[in-house]
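User: I have a structure open and want to learn how to read it. Can you take me through it feature by feature?

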Amino acid sequence: MKNMTFAQAIEDALATAMEKDKRIIIMGEDVHMLRVNLHTRFGKKRVLSTPISESSFVGAAVTAAMAGLRPIVEVMLVDFIGVAMDALLNHAAKIETFSGGKWNVPMVIRTACGGGYGDGGQHEQSLWGWLAHIPGLTVVVPSTPADAGGLMLSSIQLNAPVIFCEHKLLADYWLDYLGAGGRKTVEFNIPQQGARGKVPDQWRPLPIGKAVIRWKGNDITMAGVGVSIHRALKAAEVLKKEKISAEVIDLRTVSPLDKQTLCKSVKKTGKLLVVDEDYQNFGLSGELAAVVLEAGIPVLYSRVCTEDTIPYNRDLEDKALPNTEKILEAALKLLRR
Amino acid sequence: MKPDLWYLYKNMLRSRLFEQSVTQLWNMGKISGEMHMSIGEEAIVAGTVLQLQKGDAMALDHRGTSPMVMRGVDMELLLKEFMGHSEGLCGGNGGHMHLFSKKHLIASSGIVGASGPAAVGFALAAQYLHPGKVALAFFGEGAMNQGMLLEAMNLAVVWNLPLIFICKDSKWAITTISASVTGGKLIERVQSFGIPTEEIDGSDVETVWNAGQKALQRARSGKGSSFIYATCRHPEGHFLGDHLIRITKHPIKEMKKIAGPLLKSATKIRGASLIQRTNSLREVTRLIGKTKKQQSFTGKDPLTIARKKLQSEKKRLHELEDEIKEEINTVVTRTLHSLSHP
């Protein structure tokens with residue numbers, strides 16, 4: 001086992017994939033600097049800098065993938081995906097169906113997501129639920145370095161479009177780029193276990209659509225992805241002191257969803273608390289409730305999500321995003337019901 | 001109307017000193033997130049915004065501070081907004097990239113190119129509701145590769161809108177040299193839509209004023225849109241803490257951080273040919289060199305240029321500068337005071 005940061009793990013896994021498969025190319029704004037190591041090693045034919053033209057280069061990646069390349073497209077921040085949405089919504093996601101299953105789109109959108117560093121509501125969204133709503137898109141949200149590398153590998157290998165969401169509190173270079181800017185005068189609540197950790201000596205693809213239980217328990221199930229998992233783990237630690245045993249499920253992929261692991265846990269605990277940094281309404285949190293109800297499992301349900309546009313003010317932002325206090329409060333309330 | 005250089009310089013200086021205070025507060029950690037400066041764009045802003053009338057609208061990009069200040073938005077409200085205060089311009093909800101003033105008809109966006117369609121909407125409303133009023137769109141040359149901006153230009157032509165597109169060309173799109181990702185000449189793109197263009201040195205405020213006046217007259221008299229293409233420099237780079245600027249300022253400290261992985265990448269087995277790898281490495285050093293050269297003012301500071309022309313009246317100049325310094329000091333002191341004594 002080796003130790004790596006979240007960002008190093010992705011880059012390392014990517015390099016491993018790129019050295020084996022020449023069809024893999026990277027494109028996006030600023031990648032000659034943003035991915036300077038890969039640009040150096042694999043050259044500018046495989047690491048292509050683009051103009052600020054998201055609708056066009058994401059659209060181009062779709063057909064490049066159809067024609068034999070395996071593009072990894074960097075959409076710097078997931079918020080900017082709005083500009084490129086048509087390529088994903090009406091094209092990437094639908095080609096396989098439209099072609100009668102004869103043609104697929106093996107591409108990865110790599111994009112930074114999430115808040116917690118005071119950049120305002122146009123740069124800190126999560127949007128994985130919104131993206132997962134579209135049939136045909138796979139949406140991956142890793143929470144540890146090992147998962148980030150392993151899931152990047154499987155995302156590249158999948159013969160379908162994948163949105164790979166990289167949380168800015170976990171990826172140190174993004175946080176420095178957008179949050180700190182070289183300053184030592186600002187502080188962030190970084191989940192250390194997610195930002196750095198053990199990774200396998202040899203990268204192997206992790207199964208997409210397979211959740212993992214991060215904390216075993218019997219009294220209440222807490223489920224989510226990304227940074228929210230680390231907030232939930234903190235809450236589970238506190239609950240343990242209160243003799244409450246929580247189970248924390250890291251879904252790892254939003255779509256496809258590991259219904260089995262979720263249902264098994266909820267069947268046991270009878271209580272589901274969804275922790276989701278994405279918007280509350282019409283998203284992942286509601287979907288998890290639907291999954292459990294459809295399976296006929298009786299459940300007490302609650303959720304801690306982002307309800308509104310994320311405010312710029314750091315204190316208001318902290319209150320808007322799921323945090324350990326809010327999770328604890330919701331968990332205790334649910335347990336008392 | 002001939003430009004009043006004293007008036008223009010005063011406004012540019014106010015904007016510059018205000019943004020320098022913002023820089024200090026950002027460095028102190030009192031402002032969060034990214035902070036994109038308009039430092040270097042003051043002449044472009046002054047030469048156009050100071051000619052606006054009540055009822056004119058502006059669509060801004062992520063460098064909204066200077067246009068806001070010059071349009072008369074209260075600097076204390078702006079500073080409080082940057083600091084995320086509930087008494088800020090947008091109640092601390094928007095932050096510096098998302099500045100809005102309904103009273104002044106100003107909307108900003110952190111999405112590159114979005115000021116194009118935004119200005120089209122403002123201009124359409126002006127044409128319909130308040131003939132004679134206009135809309136400005138500010139954006140960088142990087143935005144000229146964004147489809148929505150080009151679509152906006154087409155709309156402005158087919159609807160004959162009272163709109164002035166103002167392209168501030170710093171030669172850099174984040175840390176990409178714009179020319180390396182741009183085909184053809186930007187000005188010719190715009191001309192092909194049938195929009196009259198003016199290519200100017202954006203560091204000379206009088207030149208900008210004259211171009212602005214022409215474009216505004218055309219728009220107000222119902223003759224349609226114009227495009228002002230003005231050069232500028234961004235000595236702070238893309239935003240405060242810009243990585244390339246950091247490297248040029250502290251080469252040893254910053255290169256130490258990236259050199260290890262970079263050399264490893266250059267020598268690892270399997271990958272591109274040696275020539276390609278050397279080219280990639282050369283690209284990094286080329287960018288650092290270009291940053292040093294192109295992002296610094298070196299004779300192109302709009303304030304220095306304007307100031308030189310006013311130097312014959314030394315006493316008046318110093319009085320004006322003292323007055324503005326005092327004004328900014330008061331803004332900062334009052335803001336910090338009200339934040340510590342709510």
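Analyst: Start with chain B, which has 13 helices and 9 strands. Helices (H or I, at least four residues) and strands (E, at least two) are DSSP runs, numbered from the N terminus. This is a predicted model: local features need pLDDT of at least 70, side-chain atom pairs count only at pLDDT 80 or more, and totals for chains, interfaces and linings use all residues. Residues are numbered from 1 along each chain as its sequence is written, while chains are lettered from A and ligands numbered from 1 in the order in which they are written.

User: Why does the radius of gyration of chain B agree with a compact globule?

Analyst: The radius is taken over C-alpha atoms, and the globule rule is 2.2 Å times the number of residues to the power 0.38. For 342 residues the rule gives a value near 20 Å, and chain B has 21 Å, so the two agree. Along the principal axes, the C-alpha atoms of chain B fill a box of roughly 65 × 55 × 45 Å.

User: What percentage of the residues in chain B is buried?

Analyst: A residue is buried if 20 or more other C-beta atoms, placed from the backbone, lie within 10 Å of its own; it is exposed at 12 or fewer, and partly exposed in between. In chain B, 51% of the 342 residues are buried.

User: Now the sheet in chain A. In what order do the strands run?

Analyst: Strands of a sheet pair through backbone hydrogen bonds, either parallel or antiparallel. Here two strands pair if DSSP finds at least two bridges between them. In chain A, 7 strands form an open sheet, ordered E3-E2-E4-E5-E7-E6-E12, with mixed pairing. Its edge strands are E3 (47–50) and E12 (253–255) of chain A, each pairing on one side only. From one strand to the next, the twist averages 20 degrees.

User: How many bridges join E4 and E5 of chain A?

Analyst: Strand E4 (residues 70–77) and strand E5 (residues 108–113) of chain A pair in the parallel sense over 5 bridges. Glu74(A) has Arg110(A), in E5(A), as its bridge partner.

User: Which domains does chain A have?

Analyst: Domain bounds come from an automatic or database domain assignment. For chain A it gives domain 1 (2–199) and domain 2 (212–336). Taken over C-alpha atoms, the centres of these domains of chain A are 25 Å apart. Contact means C-beta atoms, placed from the backbone, within 7 Å. Domain 1 of chain A brings 29 residues to the contact and domain 2 of chain A brings 23 residues. On the domain 1 side, H7(A) gives the most, with 4 residues.

Technical notes. Axes are lines fitted to C-alpha atoms, for helices over the stretch in contact, and angles run from 0 to 180 degrees between N-to-C directions. Two residues are in contact if their C-beta atoms, placed from the backbone, lie within 7 Å.
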